[in-house]
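Subject: Structure for you to look at

Hello,

Here is the structure I said I would pass on. Please open it before reading the notes below.

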Amino acid sequence: MSFELGINYWPRSSAMYMWEDFDIGEVREDLTRIADMGFEVVRMFTRTKDFLPNPSTVDSTMVSRLVDVVAAAGDAGLMVVPTVIILNMSGSIWWPAWMLDANGNPRDIFSDPAMLRAQALLAQTIARALAGNPALRGFDLANEIDDAQFPKSRAAASGWASTLASTIRTAAPGVQIRLGMHLPSLTTDNNVRVDDIATIADEDVMHTYPLYSDFARTPLDPELAPFSLALTAGLSGAGRRPLMQEFGACTAAAGSPGRMITDDFLGELKPQYLASEDEQAAYYEAVLERLLRTGAAGAYAWCYADYVPRLFDRPPLATAVRERTFGLVRADGTEKPAADVFRRFSERRIEGALVQGAVPRVLDVSADEYYRTPAEHFGRLYSKWVAQRTS
């Protein structure tokens, strides 16, 4: 089995404004460096407000830019996973104006027929534009969609995912489908259940950050990611190796020690930890080794680069300070120590020196029983996991 190395990507100079402030030259340079670091796959994000300016129109200029980016990735020897519906991203919810009602409240993206048709149109258009492209790794339906809006029921969430997945499969036959899920799908009853999505998607994925979890022992707890991935595999029940699609740590300034800050998290002030750059590298190394032993299909770093200071007065970076410095590359283009962690890991992979373990069985109840009290079960099972690995 191979272990896939991927990275999540926004450019240093434009961050989430990539598509409106488009610079294909910068993108090409970044993709070349990403390949040099040893990555195989780049996960990208088609921000909905850019690509779907109204419910019946997909912006052809944006789609053309996406096609150019995928071509550039292919030229660099990389593959791409476009994430189709992007409302929640990096500490902000990016609602297109037409998705809001007269009072400024979001309409139901999961059940409103007009909202579903619009999202399906976007998925269909992007899938058709990229169908058959050899650099296309697959499609991610959305990014942590429950942070943007909480689906009213399991059926609503599953119906939404099924609609998008079937639309993409019709437009681009044979592609792999996944849904970017995060820890709330393991720790809360958010109606986006792992077992439900597993019947729709072709891959099981998870996003895990100790920084955001009350279950983490420290902000750089190296066991949380492998445990959450093993639990994802158990809840899925599909018998396939799960993928860690996002993991990482934000950093303090180069040469500075790690420190705690108070930061905005989707409108709520929370303590957050800015690691030293050496701590970030050590965290990545520790988690990569544990994911390998846990039988992961692969791991995608969050993320490629820090963002330039001129973006710090714009959302989300104006308030979400931690989001400024999750990169393997600093805002000035120089590399942090973590970049070499991935280079070394990639070299071992190329040499055939990686030993991939079997996915351990951690779930000891049915999925239905687990989701009756997910936080209780997560805490119980994680305590057991840690005890077994530290005894």
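In which strand does R178 lie? R178 belongs to strand β7, which covers residues 177-180. Please keep in mind that this is a predicted model.

Is R178 buried or exposed? The relative accessible area of R178 is 1%. Buried means under 20%, so R178 counts as buried.

Next, the surroundings of this residue. The side chain of R178 makes a polar contact with the side chain of Y300, at 3.3 Å. Neighbours within four places in sequence left aside, R178 is also in contact with residues including E4, V81, R137, D140, E203 and Q245. Y300 is on that list of contacts too.

Now the whole chain. It holds 13 helices and 12 strands. Its radius of gyration is 20 Å, close to the 21 Å that the globule rule gives for 391 residues, so the chain is as compact as a globular protein of that length. Along the principal axes, the C-alpha atoms fill a box of roughly 60 × 50 × 45 Å.

Of the 391 residues in the chain, 60% are buried. Among contacts with a separation of 6 or more, 77% are between residues 24 or more positions apart. The chain exposes about 14600 Å², and carbon and sulfur atoms supply 50% of that area.

Last, the charges. There are 38 positive and 50 negative side chains in the chain. The centres of these two sets lie 3 Å apart.

Regards

Methods. Residues are numbered from 1 along each chain as its sequence is written. This is a predicted model: local features need pLDDT of at least 70, side-chain atom pairs count only at pLDDT 80 or more; totals for chains, interfaces and linings use all residues. Side-chain values use heavy atoms; hydrogens and water are left out. Helices (H or I, at least four residues) and strands (E, at least two) are DSSP runs, numbered from the N terminus. Buried means under 20% relative accessible area, exposed over 50%, partly exposed in between (1.4 Å probe, protein chains only). A polar contact is a pair of N or O atoms within 3.5 Å; within protein, one must be able to donate a hydrogen and the other to accept it, and residues adjacent in sequence count only if both atoms are side-chain atoms. Contact means heavy atoms within 4.5 Å. The radius of gyration is taken over C-alpha atoms; the globule rule is 2.2 Å times the number of residues to the power 0.38. Accessible areas come from the Shrake-Rupley method with a 1.4 Å probe; for residues, only the protein chains shown count as cover. Lys and Arg count as positive and Asp and Glu as negative; His and the chain ends are not counted. The place of a charge is taken as NZ of Lys, CZ of Arg, CG of Asp or CD of Glu.
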